Amino acid sequence: MLKCAPKEIMKIALLSAVLLLTGCGTSIAHLTVPLTVTSFELRAPFVFTSTGGLGGMKLEYTLTPGVYVATFEDNAGVYHRGPDGCYSSKVLAAGWVFTPASVGKENFRSDCGIYMYKNPATLPKLYIVLGTEQGMFAPKAAPAPASASVGANVISSQPQLGGATAVQGGVGVGIAMGVGAALASAERGNLMIIDPPVDREALRQALQVK
């Protein structure tokens, strides 16, 4: 796994609140094309949800049915890319992140894939292709900072990342997520393992070897 530069850590922090990401985007320049091309078929939509956190926000995630084909590999596993726009999420409960009008609507879509470990005892993970994100991101306005001078205060409740908070200068989490997808475009084409609350064993069982 590549180490993130400080500016990349900030980008990941901004995206992670909604997308549940982990780690950094992996450049395809550091991957190889598999000698043997394998594929898996997902025959029905694979749906799961997340609850709690961020003021009661609840999201429903969907993996699109189709064939997921091996495109790249590293020492530990193989990246099987799915159909275009195969990973999406929909707002089920707004919490304090989204507006009430967002409920029931898709808020995110991205090209994606399934990372299959070479060790068959290790369960698969999901990844997205950075720079392919689409979404409706409709964050609520953040609470006003304690000081009238915008930029004078740091929101102390945010986690510390590389000496800075995830959101600084009185800018709220909602606003940060509103620009998160745009920031991710700087890593266009990189592959990022994500960590949504998916039952990875159920996902493995849902995949049919082609």
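Predicted model: local features only at pLDDT ≥ 70, side-chain atom pairs only at ≥ 80, totals over all residues.

Me: Why is the pair of Tyr87 and Phe108 called edge-to-face?

Reply: Two things count here, because a pair of aromatic rings is described by the distance of the centres and the angle of the planes. Rings pair if their centres lie within 6.5 Å, and planes over 60 degrees apart count as edge-to-face. The centres of Tyr87 and Phe108 are 6.2 Å apart and the planes stand at 75°, so the pair is edge-to-face.

Me: How do you know whether Tyr87 is buried or exposed?

Reply: Buried means under 20% relative accessible area. Tyr87 has 1% relative accessibility, so Tyr87 counts as buried. Phe108 has a relative accessible area of 1%, so Phe108 is buried.

Me: What kind of pair do Tyr115 and Tyr117 form, and why?

Reply: Their ring centres are 4.9 Å apart and their planes are at 85°, so this pair is edge-to-face. Tyr115 is buried, with a relative accessible area of 4%, whereas Tyr117, at 24%, counts as partly exposed. By the ring rule, the count comes to seven aromatic pairs.

Me: Why is Val67 called partly exposed?

Reply: Partly exposed is the range between the 20% limit for buried and the 50% limit for exposed. Val67 has 35% relative accessibility, so Val67 counts as partly exposed. Val67 sits in strand S4 (residues 66–73). Together with Val37 and Val69, Val67 forms a nonpolar patch on the surface, with about 210 Å² of accessible area in total.

Me: What makes S12 and S13 edge strands?

Reply: Look at the order of the open sheet of seven strands: S12-S9-S8-S5-S4-S1-S13, with antiparallel pairing. Strand S12 (191–194) and strand S13 (207–209) each pair on one side only. On average, neighbouring strands of this sheet are turned by 35° against each other, direction ignored.

Me: How do you know that S9 and S12 pair?

Reply: Two strands pair if there are at least two bridges between them. Strand S9 (residues 125–129) and S12 have four bridges, in the antiparallel sense. Ile128 stands opposite Met192 in S12.

Notes. Residues numbered from 1 in each chain as written. Heavy atoms only, no water. Helix = DSSP H or I, 4+ residues; strand = E, 2+ residues; numbered from the N terminus. Axes fitted to C-alpha atoms, helices over the stretch in contact; angles between N-to-C directions. Patch = residues over 30% accessible without salt bridge, like charges linked within 9 Å, V, L, I, M, F, W, Y side chains within 5 Å. Areas by Shrake-Rupley, 256 points an atom, 1.4 Å probe, with all protein chains shown as cover. Salt bridge = Lys/Arg side-chain N within 4 Å of Asp/Glu carboxyl O. Buried < 20%, exposed > 50% of the residue type's maximum accessible area, 1.4 Å probe, protein only. Phe/Tyr/Trp six-rings, centres within 6.5 Å; stacked < 30°, edge-to-face > 60°.
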